[in-house]
Amino acid sequence: KNLVQSGGIIANAERPEQFYYNARVYEQRGDYGNARRSYNEYFKFNLDFLDPHLRYQTFLKVQEGRQGALEIYRAMVSNFPSVSAEMALSLLESQDTREKKLRKFVSAHPHYSPSYYFLANQYSKQVVGEQTLDDKLQERDLLSKLLTHHEDGNFVKYFVDNAYAASLLDDSKTRIVALKSFNLERAENPISMSGSPSNSGWT
């Protein structure tokens with residue numbers, strides 16, 4: 001009843017989930033000023049859920065462009081540091097530096113499993129276009145690490161929206177199946193050749 005009277009907004013929000021809920025409602029209503037304020041209140045709790053950051057980034061890129069969103073996130077990581085905010089910042093980097101930033105993040109936080117999915121994307125056909133064998137190996141190995149983390153119960157816990165987490169898992173499994181159609185074992189164990197001259201020619 002109170003939500004109906006307030007237009008769907010939780011009045012006097014105090015908990016992080018309440019601020020996140022309000023941010024989503026304001027965003028759907030097109031009230032972007034209040035949406036941004038509610039997002040910022042949510043991020044003050046320094047939680048390690050990733051999808052609120054991804055949703056906020058989509059919102060910011062529409063409002064500010066990628067470069068503007070990048071500057072806002074740099075300030076956020078400084079003021080409200082969290083592992084998820086740090087990884088989300090890497091995703092806003094330009095294509096030239098994103099892979100390097102994600103590699104550095106994975107090295108520093110190897111147990112933060114969503115990072116393997118987004119690093120794998122940097123080697124995907126959608127990003128690089130024509131994949132080399134090394135690109136395919138990198139993509140396969142990173143997605144395999146992600147699924148291993150999931151089997152150990154170390155993936156879904158980083159998401160508020162379990163359906164979104166499931167969509168990333170389904171995409172990972174589909175891509176691994178597609179990559180198996182290539183002879184990647186040959187790439188891991190390539191044929192080598194050597195030549196030597198003799199009186200009868202080359203051997």
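What covers the buried residues of α7? The answer includes α4, α5, α6 (95–108), α8 (125–128), α9 and α10 (162–179).

## Basis of the report

This is a predicted model, in which local features need pLDDT of at least 70 and side-chain atom pairs count only at pLDDT 80 or more, while totals for chains, interfaces and linings use all residues. Residues are numbered from 1 along each chain as its sequence is written, and side-chain values use heavy atoms, with hydrogens and water left out.

Helices are DSSP runs of H or I with at least four residues, numbered from the N terminus.

## The enclosed helix α7

Helix α7 spans residues 114–121. Because 8 of the 8 residues of α7 are buried, this helix is largely enclosed by the rest of the structure. Buried means under 20% relative accessible area, exposed means over 50%, and partly exposed lies in between, for a 1.4 Å probe and protein chains only. The buried residues of α7 are Pro-114, Ser-115, Tyr-116, Tyr-117, Phe-118, Leu-119, Ala-120 and Asn-121.

Among the elements covering α7 is α9, which comprises residues 133–151. The two helices pack at an angle of about 165°, with their axes 8 Å apart; axes are lines fitted to C-alpha atoms, for helices over the stretch in contact, and angles run from 0 to 180 degrees between N-to-C directions. α7 and α9 are therefore roughly antiparallel to each other. Angles over 145 degrees count as roughly antiparallel, those under 35 as roughly parallel, those from 65 to 115 as roughly perpendicular, and the rest as oblique. On the α7 side, the contact is made by Tyr-116, Tyr-117, Leu-119 and Ala-120, and on the α9 side by Glu-139, Leu-142, Leu-143, Lys-145, Leu-146 and His-149. Contact here means heavy atoms within 4.5 Å. By class, the contact of α7 with α9 has 7 nonpolar, 1 polar and 2 charged residues; Ala, Val, Leu, Ile, Met, Phe, Trp, Tyr, Cys and Pro count as nonpolar, Asp, Glu, Lys and Arg as charged, and the others, Gly among them, as polar.

## The pairing of α2 and α3

The axes of α2 and α3 come within 8 Å and cross at roughly 160°. That makes α2 roughly antiparallel to α3. From α2, the residues Pro-16, Phe-19, Tyr-20, Asn-22, Ala-23, Arg-24, Tyr-26 and Glu-27 meet Tyr-32, Asn-34, Ala-35, Ser-38, Tyr-39, Glu-41 and Tyr-42 in α3. The residues of this contact divide into 9 nonpolar, 3 polar and 3 charged.

Asn-22 of helix α2 is buried, with a relative accessible area of 4%. Leaving aside neighbours within four places in sequence, Asn-22 is in contact with Ile-9, Ile-10, Ala-13 and Ser-38.

## Aromatic pairs

A search of the whole structure finds 16 aromatic pairs. Rings of Phe, Tyr and Trp (its six-membered ring) pair if their centres lie within 6.5 Å; planes under 30 degrees apart count as stacked, over 60 as edge-to-face and the rest as tilted. The rings of Phe-43 and Tyr-56 have their centres 5.3 Å apart and their planes at 45°, so this pair is tilted. Phe-43 lies in helix α3 (residues 32–43) and Tyr-56 in helix α4 (residues 51–79), so the pair ties together parts that are 13 residues apart in sequence. Phe-43 is buried at 4% relative accessibility, and Tyr-56 is buried at 1%. Both rings belong to one aromatic cluster, formed by Tyr-20, Tyr-32, Tyr-39, Tyr-42, Phe-43, Tyr-56, Phe-59 and Tyr-73.

## Loop residues

Asn-12 is placed in the loop between α1 (2–5) and α2 (16–29). Its phi is near 55°, a positive value in a residue other than glycine, and Asn-12 is exposed, with a relative accessible area of 72%. Asn-46, in the loop between α3 and α4, has a positive phi of about 55° although it is not a glycine. Asn-46 is partly exposed, at 34% relative accessible area.

Pro-81 lies in the loop between α4 and α5 (83–91) and counts as partly exposed at 47% relative accessibility. Not counting residues up to four places away in sequence, Pro-81 touches Asn-46 and Met-76.
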